[in-house]
Number of protein chains: 2
Amino acid sequence: METTKQLTLRFASIIPYEESDPFPLENIPFGVFVNPNEQEAHCCTRVSSFVIDLALLENDRLIEADNVFRISSLNRFISKGKDYWLYVRKTLQQLLTRDNPNSLTPEQLAKYAFNSSDAKMHLPLKIGHFTDFSSSKNHAQNIAVMFKGKDGSLHNNFVHMPIAYHSRASSIVVSGGQIRRPKGQLRMGEWGATDKLDFELEIGTIIGNANKLGHPVKLQQAEDYIFGYTLLNDWSSRDILLWENVPLGPFNSKNFCTTISPWIITAIALSPFKHPLPPQDPQPLPYLHSPSNFTYHIDLSVSLSTGKTEQTILTSNFKNMYWSPTQQLTHHTVTGCNLQIGDILGSGTVSGKGPRECGSLFELSGGESIVLENGEERKFLHDGDIVTLRGQCKGEGYVIGFGECTGTVIPALDNSEYY
Amino acid sequence: METTKQLTLRFASIIPYEESDPFPLENIPFGVFVNPNEQEAHCCTRVSSFVIDLALLENDRLIEADNVFRISSLNRFISKGKDYWLYVRKTLQQLLTRDNPNSLTPEQLAKYAFNSSDAKMHLPLKIGHFTDFSSSKNHAQNIAVMFKGKDGSLHNNFVHMPIAYHSRASSIVVSGGQIRRPKGQLRMGEWGATDKLDFELEIGTIIGNANKLGHPVKLQQAEDYIFGYTLLNDWSSRDILLWENVPLGPFNSKNFCTTISPWIITAIALSPFKHPLPPQDPQPLPYLHSPSNFTYHIDLSVSLSTGKTEQTILTSNFKNMYWSPTQQLTHHTVTGCNLQIGDILGSGTVSGKGPRECGSLFELSGGESIVLENGEERKFLHDGDIVTLRGQCKGEGYVIGFGECTGTVIPALDNSEYY
C-alpha cells in the first residue's frame, strides 16, 4: 500500500485550483477530446478546468509512448498494462507540479492545455461489450415490487451471486447527448412511445486486462483486471421492460441508449476511498468469498432539470452495494467468458435505504408522482427533461470528482419512421 | 427477381464437382482462412473442395478491390455494400466458369486455390455484438416445460414479438474448436461442473449494414441489412440457466462459448429457397406485419460422435420458425438500437414438431436418456462428445451447403483454477 499513500500526497499544481476542485493532481482522469486546433480526437487528461492533450505530450517526448494517444479511444493506452498506467500518471503529476525539475513552463502549458469549455468530449473507449449487473439489494427489492406487486420479494438467487445480463455496447454514448424517447410494445397488443422513461444511477467498471476464453479470473486477481470507473446512466423504459422481461430478460427496454461520463477515474486514484463491503449473508461460495471484498465510498447524486430549474432529486453512495466490482468481474468469467479491454460492467442501480436515496425515478416516486421544488410533478421523465449524474470522493484536503453524466430527453419519432 | 433467376442457372465450373456438392458456383460463400504459404489470414471463397484466396485475386487485379481481402475478417468487404457483394460474386462466378473470356487458366487456378484439407479456417468476422432470439414456437414451448414443469405454457408475449436477449460476442469461436465444460453455480449453494451441457441448433444472421442510433429499420427495408447466414451452436448449461435465469435472463449459462460455421452463405445465394412464414396469429403489430414475411427452406441436422461412432440424432428445417430473420432485425432496432456490420443475430433453437426434430439434447431426450445406435445413452453431453451441425438447401440440380459447425467437449478445469 506504499504506492497508494505516496500518490495521495497533495501536490502544488502549476494550475491553481481550490481544495474542492473535482480534478486535482490526485485525480488524473483519462478521456478523449477533439483537439480544437487539429479537429482530431486525442487522448487527454484533466486538471481543474483544463483538458491536457496527451498526444501533444507524446509528440514532444514528454511522455514515452509509441503512438498511443493520437487516437480516438483509450484502448491502446489501457492495453499497455498497469505499470504503464502508473508511469503515465506519475509523469503527468510531475509535469504539472510546481518546483519540479520536469515542471512544464507556462509556454508549454499554454501549448498542451485547453479550457474545458472549448473541449468537445468524445466517447473515451471503443467498448466491445457492456454487461449490466444487479447488485444493490435495495434496488433489487424495489424492482421485485414493480414486477410482482407490494408483496414482491427479492429473488432467491440475489444473495448467492451478482445477477447480470449482457446489454448493448453500440448504443453507449458520451455525456451531453440527446436521448430519443423510444417507441415499442408497451403492453400486449399496444404500440407507442414509452410512458415510463426512467434513468438508472450506476457506476461503470472499465476492464483493463483480458482473460483467455475458458479461463476464469480468480477473485484475488480481479483487481488487476480493472482500469477505472465512470458514471453510467442506464436509461430504461419500464413499460417495455415489464412486457418483454420474461423469459429472457431486458432487451428493447434497455438497448436504445446508455450514457457514460467522459472521464475514466482510475482505480489507483480511487484506492484511498476503498470501503469494506457490507456483510454478505449467506457467505458466498469460495470463488466469490474473500474477507477483503471492497467497494468505494463515492458520493453520488442525480439532478433533474425540467427546463425551468435544476434540482438534486436524490443522493446515494457506492458503498451501499451488496456485491463488489471484483466479485462481479469474477462471476462474469466463472464459466470461462473472456473479458476484453474496454468492456464495461455496469454496477446496477445504486440505491440506498432512504426514500431519497433510490437510484431511479420509479423507485423514488414509488408509483406516485414526486413534486419538484418548482411545483412540477414527475412520475417518469418528460420530453425536454435533463438528467445529470454526479459523483465524488472526499479526501483530506482534496476531492476526486467524476465529472458529470448528462442527457436530454427528446420526443419520439413519428410512426411514419416505423412502418 | 430477374437477377435471382439468372444467378441460379447452372454453371460449367473449371473445378469439376458432383450435383450434390455443397459448394457449387451457385453458392460462393465467404470466409477467412490462413493462407498456408504466407501464414496470414485472408478472405476467401470456396468451390467444391477448394478454398480460393481473394487477397491473391485482389493482388493480381482479377477483382477490383481497395485493400479489402488481405485482412483477417470480412467486415471491410461487407462494409462496401450490396452492389459490391454482387459484383464480387459475379466476378468469381465468371473467373471460375469454363469457356468464359475471363476464365482462370489452370496455372492461375493452381496459384489461387488451396485444397480445403490444407486450409485452416479462421473466425470469418470481427463480431461486435451477438443477440440471441427465441423464435421457434416448438422450442419455446419445450423450454417452458423445462422451467415450469409438465403444464408449462408458452409465455404470453411469444406470439407478439420475437423475444431476445443480448448474448456474448467475445466467446464466439469458429467451428472445429474445443468447448471447455463450464463450472459455476448449479443450484442454490451448489458449485461444480455443469451436469447438463447441451447444444442448440441455430442459424446466425450476419448484419451487413448499420442503422443510426435512434432510427429503427423498417420491416420492408430489413432485407437490405442482411449479408448472409451461418450455422450457429449456442452451447448451453441447463442447470446454470435454471438457477440464474430469473430475473434478468441467461448469462453464465450461455456466455462461455458459441460456435459458428466458417462459411457465410449469402442472402443472394439463398434467395431461391425463400419460404413463406407459417401463419402468425394474432396478426403482429404494424411494424412487424407484412404479407411477404419469409424464412428459408434449409434442411438442418445435428450429429453426435461419442468417440466410437457418429450418428445423426436429429433433423430439422429453418422453415419451422415462427418469426422471420427480418422481423427479428426490425424488432431489435424498434426502440432505436443501432446494429453494426458483423453483428450476429441467432435465430433461436430451430425445433420442428416431431420428436426427432428438436434442436437441443434436452428437448430430444425430454428428461429421459436417448439411446444411441451404439448402445450408449445420453441425457446431456459427456466429455469427449463431438457435436456437428449441418445445413443445406436443395436446388434443381445443385445444392447450397452451409458446411459444418462442430465442437468437441473437453473436461472442466480443476477447482484450483477458480479459488
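**Confidence and interface**

Analyst: This is a predicted model, and local features need pLDDT of at least 70, side-chain atom pairs count only at pLDDT 80 or more, while totals for chains, interfaces and linings use all residues. Residues are numbered from 1 along each chain as its sequence is written, chains are lettered from A and ligands numbered from 1 in the order in which they are written, and side-chain values use heavy atoms, with hydrogens and water left out.

User: Where does pLDDT stay under 50 in chain A?
Analyst: Over residues 1–8, for which the model has 10 contacts (heavy atoms within 4.5 Å) beyond four places in sequence. Where pLDDT is low, the predicted coordinates should not be read in detail.

User: And what ipTM does the complex get?
Analyst: The predictor gives an ipTM of 0.96, and a pTM of 0.96.

User: What area is buried between chain B and chain A?
Analyst: About 6,100 Å², with 62% of that from carbon and sulfur atoms. Buried area is the accessible area (1.4 Å probe) that two parts lose on being put together, summed over both. In chain B, the residues that lose the most area to chain A are B:His166, B:Leu248 and B:Phe251, together 13% of what that side buries.

User: How many residues does each chain put into the contact?
Analyst: Chain B gives 65 residues and chain A gives 65 residues.

User: How many salt bridges between the two?
Analyst: The count is 2, taking a side-chain nitrogen of Lys or Arg within 4 Å of a carboxyl oxygen of Asp or Glu. One of them joins the side chains of A:Arg168 and B:Asp343, at 2.7 Å from N to O.

User: Which element gives the most to the side of chain B that touches chain A?
Analyst: H7(B), with 7 residues. Helices (H or I, at least four residues) and strands (E, at least two) are DSSP runs, numbered from the N terminus.

User: Different topic. Is B:Ser13 buried or exposed?
Analyst: B:Ser13 is buried, at a relative accessible area of 8%; buried means under 20%, exposed over 50%, partly exposed in between (1.4 Å probe, protein chains only). B:Ser13 sits in the loop between helix H1 (2–7) and strand S1 (31–35) of chain B.

User: What does B:Ser13 contact, leaving aside its neighbours within four places in sequence?
Analyst: B:Leu25, B:Val47, B:Leu96, B:Thr97 and B:Arg98. The side chain of B:Ser13 also reaches the backbone oxygen of B:Ile15, at 2.8 Å.

Definitions and conventions
A polar contact is a pair of N or O atoms within 3.5 Å; within protein, one must be able to donate a hydrogen and the other to accept it, and residues adjacent in sequence count only if both atoms are side-chain atoms. pLDDT is the predictor's confidence in each residue, from 0 to 100.
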